[in-house]
Amino acid sequence: MAEKRLGIVMHGVTGRMGMNQHLARSIVAIREQGGVRLSDGTRVMPDPLLVGRNDEKLQRLAAEHGVDRWTTDLDAALASRDHAVFFDAASTKLRPSLLRKAIGAGKHVYCEKPVATSLAEALSLYRAAKKAKVRHGVVQDKLWLPGLLKIKALRDSGFFGRILSVRGEFGYWVFEGDQQPAQRPSWNYRKKDGGGIILDMLCHWRYVMDNLFGEVKSVSCLGATHIPERWDENGRRYRATADDAAYATFRLAGGAIAHFNSSWCVRVRRDDLVAFQVDGTKGSAVAGLTRCFAQSLSDTPRPVWNPDVRQVHDFSADWREVPDESVHDNAFKVEWELFIRHVCEGAPFKWNLLEAAKGLQLVDCALKSWRARRWIDVPRLKA
């Protein structure tokens with residue numbers, strides 16, 4: 001079987017997300033399975049070049065994952081003809097300039113979201129990639145989560161009937177950093193550095209809603225900075241200027257209403273760090289990252305409201321777990337394989353920089369809604 005090498009410049013993989021999901025569980029895992037198989041039988045073997053600022057970190061990371069090459073010279077990496085793809089998982093604020101540089105060097109680009117901090121920047125990147133005729137993509141990993149794949153299968157089978165509403169609960173407690181180390185980088189809580197949960201999470205909720213439940217038509221959003229002071233990685237106290245919670249309601253095409261609570265200031269009392277509940281005329285389902293539970297109309301109980309008596313009915317027992325019909329691979333890895341096929345043989349790939357811009361469009365509308373304290377329409381995005 002023929003094998004083809006694909007050089008990938010991987011920037012920002014010393015961070016938690018880049019290291020775990022993109023390097024270890026995607027690219028290294030693809031290499032270990034023997035590459036990505038194309039339609040003609042050719043195997044594409046990704047060959048990563050790790051790029052960052054800290055030579056010691058890069059060397060250690062490369063050794064841990066069996067990668068031969070690393071460098072602190074991004075310009076030299078982009079100038080090399082040995083690499084066709086540039087990937088970025090570093091901080092949001094730096095991403096637009098990095099992507100422009102890579103596009104200018106003729107590289108295909110793939111990156112984490114958000115791709116920018118504003119809609120104007122995101123559209124500019126899309127137009128630059130289109131003009132340069134390079135292939136481009138953005139991570140939209142939640143579409144391949146087992147929990148959401150099960151909801152999609154229920155939707156496609158007609159289980160829900162007419163979908164009435166979607167509820168999303170996302171988040172957990174991120175420690176302030178004084179008594180226990182924070183689990184997220186301090187820049188996430190500084191607006192000037194590209195922080196904010198509205199910018200971070202509404203990009204996700206846009207593609208989830210558009211692809212599974214209906215295109216977003218309007219939004220009403222309230223943000224908050226619940227914890228005004230935090231401590232950074234060096235133990236220094238700083239003022240948190242970015243929103244750490246968002247409460248947003250959306251009107252969707254087809255009439256469904258969606259509401260998502262996103263917070264770094266919430267303690268978890270649900271089955272997973274994220275929960276999606278879909279209610280329809282014929283049935284409902286609740287999904288986390290991997291598991292999904294459904295309740296049909298025929299299984300729906302008839303509860304009686306009585307505040308004077310302790311509730312003894314086990315409502316959870318009325319739900320049936322949706323079985324795993326197949327083995328689900330890592331969501332990030334699944335999209336990486338699709339993008340590699342897109343680069344190497346032009347296979348369809350709809351999750352591009354224009355789709356990324358839709359996420360920034362919703363962020364812009366949500367921030368406007370928060371400032372104006374009113375509903376904001378989300379028009380169809382024109383490239």
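Predicted model: local features only at pLDDT ≥ 70, side-chain atom pairs only at ≥ 80, totals over all residues.
**First stop: two helices.** Select residues 146–157, which form helix H6, and residues 197–212, which form helix H7. How do they sit relative to each other? Their axes cross at roughly 25° and come within 11 Å, so H6 and H7 are roughly parallel to each other. Turn the view and you'll find that the crossing of H6 past H7 is right-handed.

**Show the side chains here.** From H6, pick Leu148, Lys152 and Arg155; they meet Val208, Asn211 and Leu212 of H7.

Nonpolar side chains tend to be buried together in soluble globular proteins. In this model, the largest nonpolar core has 113 residues, and the ones touching the most other members are Val115, Ile151, Trp205 and Phe250. Which element gives the most to this core? That's H7, with 11 residues.

**Last stop: Gln361.** Jump to helix H9, residues 353–372, where you'll find glutamine 361. Is glutamine 361 buried or exposed? Its relative accessible area is 4%, so glutamine 361 is buried. Now bring up what surrounds it: beyond its neighbours within four places in sequence, glutamine 361 is in contact with Leu119, Arg206, Val378, Pro379 and Leu381.

Definitions and conventions. Residues numbered from 1 in each chain as written. Heavy atoms only, no water. Axes fitted to C-alpha atoms, helices over the stretch in contact; angles between N-to-C directions. Helix = DSSP H or I, 4+ residues; strand = E, 2+ residues; numbered from the N terminus. Parallel < 35°, antiparallel > 145°, perpendicular 65-115°, else oblique. Left-handed = near helix turned anticlockwise from the far one by under 90°. Contact = heavy atoms within 4.5 Å. Core = buried A, V, L, I, M, F, W, Y, C linked by side-chain atoms within 4.5 Å. Buried < 20%, exposed > 50% of the residue type's maximum accessible area, 1.4 Å probe, protein only.
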